[in-house]
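Here is a brief report on one model.

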Amino acid sequence: QVQLVESGGGLAQTGGSLRLSCAASGFTLDHYPIAWFRQIPGKGREGISCISTSGDITYYKDFVKGRFTISRDNAIHTVYLQMNNLQPEDTAVYYCAIDQYGLTGKTSSCPVAVYFGSWGQGTQVTVSS
């Protein structure tokens with residue numbers, strides 16, 4: 001069964017850092033671009049960043065540029081999201097998903113959520129003042 005599992009969330013203070021991991025099983029991760037999304041309580045799921053199959057192309061939403069870094073290690077079927085200078089508004093459940101149509105890198109930004117699938121269960125990130 002195709003599955004993505006997010007981990008690495010937890011509590012951080014404003015200005016602190018966390019590294020999230022997205023581990024794949026049941027398929028070869030390097031065949032697909034991957035993206036990170038987050039869902040803030042009371043709001044819909046929003047895109048954060050995406051990465052191409054080899055990792056040579058990355059895109060970021062404006063609100064995380066300069067703070068978050070996406071990377072991947074295809075040898076262990078894992079994608080990472082390094083989050084620095086965390087702010088209280090970053091508090092959310094963070095998800096990873098696969099770009100089912102391989103659109104990442106063919107436009108100037110990440111594909112929208114409708115093109116992604118195999119969503120994980122999410123990992124909670126809480127940032128306190």
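## Surface patch

A patch takes residues with over 30% relative accessible area and no salt bridge, joining like charges within 9 Å and nonpolar side chains (Val, Leu, Ile, Met, Phe, Trp, Tyr) within 5 Å. A salt bridge is a side-chain nitrogen of Lys or Arg within 4 Å of a carboxyl oxygen of Asp or Glu. Accessible areas follow the Shrake-Rupley method with a 1.4 Å probe, and for residues only the protein chains shown count as cover.

The model is predicted: local features need pLDDT of at least 70, side-chain atom pairs count only at pLDDT 80 or more, and totals for chains, interfaces and linings use all residues. Residues are numbered from 1 along each chain as its sequence is written, and side-chain values use heavy atoms, without hydrogens or water.

Tyr101, Val112, Val114 and Tyr115 make up a nonpolar surface patch. Together they have about 440 Å² of accessible area. Tyr101 lies in the loop between strand E9 (92-99) and strand E10 (116-117); strands are DSSP runs of at least two residues, numbered from the N terminus. Tyr101 counts as exposed (over 50% relative accessible area) because its relative accessibility is 57%.

## Four-stranded sheet

An open antiparallel sheet runs in the order E1-E3-E8-E7. Strands E1 (3-7) and E7 (68-73) are the edges. Each has a single partner strand, so one side of each lacks a neighbour in the sheet.

Strands E3 (18-25) and E8 (78-83) pair over six bridges; pairing needs at least two DSSP bridges. Ser21 stands opposite Tyr80 in E8.

## Buried aspartate

Asp90 sits in the loop between E8 and E9. Its relative accessible area is 0%, so Asp90 is buried (under 20%). The Asp90 side chain makes a polar contact with the side chain of Arg67 at 2.7 Å. Such a contact is a pair of N or O atoms within 3.5 Å; within protein, one must be able to donate a hydrogen and the other to accept it, and residues adjacent in sequence count only if both atoms are side-chain atoms.

Conventions
Buried < 20%, exposed > 50% of the residue type's maximum accessible area, 1.4 Å probe, protein only.
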